[in-house]
Number of protein chains: 4
Amino acid sequence: LWRLRGYTSDRISAPYSIYKGKAALSLNPCLPTFTKLTSGMIVLDRRGSMMMTFMPAIGERKYDWEKRQRFALSATEVGSLISMGPKDSSEFFHDPSMLSSNAGQVRKSLSIKPHADGTGYFVSLTVVNNILRSRENFTVPVTIAEFAVMKTACSFALPHIMGWDRVTHQQYRGTVG
Amino acid sequence: LWRLRGYTSDRISAPYSIYKGKAALSLNPCLPTFTKLTSGMIVLDRRGSMMMTFMPAIGERKYDWEKRQRFALSATEVGSLISMGPKDSSEFFHDPSMLSSNAGQVRKSLSIKPHADGTGYFVSLTVVNNILRSRENFTVPVTIAEFAVMKTACSFALPHIMGWDRVTHQQYRGTVG
Amino acid sequence: LWRLRGYTSDRISAPYSIYKGKAALSLNPCLPTFTKLTSGMIVLDRRGSMMMTFMPAIGERKYDWEKRQRFALSATEVGSLISMGPKDSSEFFHDPSMLSSNAGQVRKSLSIKPHADGTGYFVSLTVVNNILRSRENFTVPVTIAEFAVMKTACSFALPHIMGWDRVTHQQYRGTVG
Amino acid sequence: LWRLRGYTSDRISAPYSIYKGKAALSLNPCLPTFTKLTSGMIVLDRRGSMMMTFMPAIGERKYDWEKRQRFALSATEVGSLISMGPKDSSEFFHDPSMLSSNAGQVRKSLSIKPHADGTGYFVSLTVVNNILRSRENFTVPVTIAEFAVMKTACSFALPHIMGWDRVTHQQYRGTVG
């Protein structure tokens with residue numbers, strides 16, 4: 001009843017979205033994939049992540065999906081986010097072309113900075129693309145309540161993007177001896 | 001084995017209820033609903049919420065169910081509640097007729113205020129109805145222990161009212177390749 | 001596939017036990033039971049609890065199961081336990097014969113008191129039985145680490161003893177439309 | 001559909017690994033096993049644990065799996081880890097030959113010590129083997145973010161290694177009355 005093949009990780013979508021004046025931000029967990037070895041052992045194949053998607057505003061309550069940019073938080077980056085106190089800031093750097101011939105050409109940085117008055121955070125994504133000679137920036141102000149949802153939802157999702165929910169649930173699916 | 005149609009979100013009920021002298025308060029999670037697109041993609045249709053129901057007392061340990069008033073906390077409002085410290089207060093405003101011709105006629109406000117001595121909170125709902133020319137107020141004193149149950153239960157329920165439990169569990173329901 | 005009748009809540013047992021010099025303490029979640037109304041609605045029938053069982057020591061690493069005493073923490077009492085800080089204490093009183101003709105004859109009190117040096121807690125149960133003219137006391141010193149397990153396990157179990165796991169999982173069991 | 005026999009606890013593997021200059025550390029939950037008594041009761045047979053595996057580095061990003069050493073954290077030791085504040089340290093001692101004729105010959109100690117500047121922890125395993133006259137030491141510096149992942153993942157896994165997930169899920173598997 002539990003099948004690995006044909007599994008499409010994006011069949012169900014329920015992003016947590018924060019719509020603000022200049023841009024929108026949405027969070028969606030991406031599950032890991034697994035591979036079955038010839039030994040029968042099932043091992044993690046591709047790591048899961050917490051996908052953050054930014055879209056620029058193009059009018060009142062309208063956002064341009066075509067111009068979206070994404071940033072996939074790793075388990076450790078999610079750990080950084082959920083351990084942030086009200087005055088902490090975080091910054092993460094990704095190179096989507098790492099290990100390819102285009103390494104260093106595109107640089108993405110995500111920063112989370114607290115408001116001076118402690119009422120929330122600024123979550124910003126900057127994408128510098130040397131090939132297209134472009135530089136894009138998205139900044140979404142996030143309230144304390146919205147950040148609490150992000151933290152609680154990320155804490156819930158973390159074991160899932162690590163694949164630990166599969167490890168802990170396997171006992172219900174044992175074969176007969 | 002997992003069917004969308006015919007799904008009734010209120011089949012099982014297990015509210016957490018707090019009965020006090022002048023009113024009672026109960027919490028119950030309301031799950032989101034999903035729709036299957038022609039592409040096969042399943043997307044969130046109606047958002048979930050944490051339903052708070054208030055009832056006035058009409059005698060010793062008797063409450064008037066007919067006179068109940070409800071307030072559906074959104075995911076972000078739940079985030080606000082679970083991030084409250086012992087001295088914090090919160091206030092939320094809802095207009096049940098928003099976007100209709102009756103907009104502004106009924107105003108609901110929910111407030112959570114800490115006791116001066118730190119032993120708990122006052123949770124109050126005020127409903128002002130300009131059409132009926134009525135104003136109702138319910139106030140339930142909540143102890144630290146009861147508020148801890150509310151926070152733990154809301155933290156547990158939050159990913160479910162966001163629909164993230166479906167996203168993280170979909171892997172167990174993949175089709176065969 | 002999900003059946004109410006014939007359900008025995010104690011089929012699987014995995015208590016968390018703390019064995020100390022004079023007594024042992026074990027924790028075990030007790031699930032609520034549900035009843036199906038003629039309307040098809042399923043409602044909570046008997047509340048769940050966190051069962052604490054104390055046994056006196058009768059030799060080195062030997063405990064007398066026959067002389068055990070139990071104390072069933074309600075959801076709100078669990079909320080009190082999981083919100084305790086390192087210097088907080090709690091005390092709960094139960095009358096197992098409440099609302100019967102023996103009301104007031106047996107009095108159980110559970111107390112949780114912090115060590116003066118902050119290295120843990122004393123968890124004590126006192127049972128005074130006026131009918132048997134007996135008074136029993138069990139005290140188990142609990143370390144910070146053991147108390148952290150109790151808090152984490154109780155936080156995990158709380159939505160289950162409230163029956164909220166059933167509410168949030170019902171969507172996977174919908175009927176076909 | 002839920003079978004006890006033939007159940008192999010290590011079929012799915014998804015360790016959380018931290019690779020550093022001199023050694024690597026990985027965490028993997030090990031589930032408990034259960035036995036069915038003739039009474040029909042199912043009881044915990046072998047306790048679960050959080051397995052920590054250390055490997056020495058033998059080159060850049062290369063680690064020697066053959067020279068790995070393991071340390072199985074009990075539920076209470078996991079409780080100690082997840083309750084650690086930023087300035088706390090912990091130390092655990094295991095004797096893998098305890099209760100055998102080799103008792104005291106091999107001594108394992110795991111220590112978690114905070115960096116002086118509060119930016120993380122040193123996680124170290126020392127294995128002293130009097131029979132082989134060997135002494136091995138592994139030290140892995142762990143950042144605040146990595147430790148947050150360890151704490152969140154251990155909090156998630158704790159009820160599972162205690163077997164409480166089985167207790168709370170048994171209601172969905174009741175027999176027909």
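This is a predicted model: local features need pLDDT of at least 70, side-chain atom pairs count only at pLDDT 80 or more; totals for chains, interfaces and linings use all residues.
Reader: What makes B:Glu146 and B:Lys20 a salt bridge?

Author: A salt bridge needs a side-chain nitrogen of Lys or Arg within 4 Å of a carboxyl oxygen of Asp or Glu. The closest N and O atoms of B:Glu146 and B:Lys20 are 2.9 Å apart, so the pair meets that cut-off. B:Glu146 sits in helix α2 (residues 144-161) of chain B, while B:Lys20 belongs to the loop between β2 (16-19) and β3 (23-30), and the two are 126 residues apart.

Reader: Why can such side chains pair at all?

Author: Opposite charges can pair when the charged atoms come close.

Reader: How many salt bridges are there over all chains?

Author: The search of the whole structure gives four. Among them is the one between C:Glu146 and C:Lys20, at 2.9 Å from N to O.

Reader: Why is C:Glu146 called buried?

Author: Buried means under 20% relative accessible area. C:Glu146 has 11% relative accessibility, so it counts as buried.

Reader: What does the salt bridge of D:Glu146 and D:Lys20 tie together?

Author: Their side chains meet at 2.9 Å, N to O. D:Glu146 lies in helix α2 (residues 144-161) of chain D and D:Lys20 in the loop between β2 (16-19) and β3 (23-30), so parts 126 residues apart in sequence are joined. D:Glu146 has a relative accessible area of 11% and is therefore buried.

Reader: How do you know that helix α1 (residues 75-82) of chain B is mostly covered?

Author: Seven of its eight residues are buried. They include B:Ala75, B:Val78 and B:Leu81.

Note on methods: Residues are numbered from 1 along each chain as its sequence is written. Chains are lettered from A and ligands numbered from 1 in the order in which they are written. Side-chain values use heavy atoms; hydrogens and water are left out. Buried means under 20% relative accessible area, exposed over 50%, partly exposed in between (1.4 Å probe, protein chains only). Helices (H or I, at least four residues) and strands (E, at least two) are DSSP runs, numbered from the N terminus.
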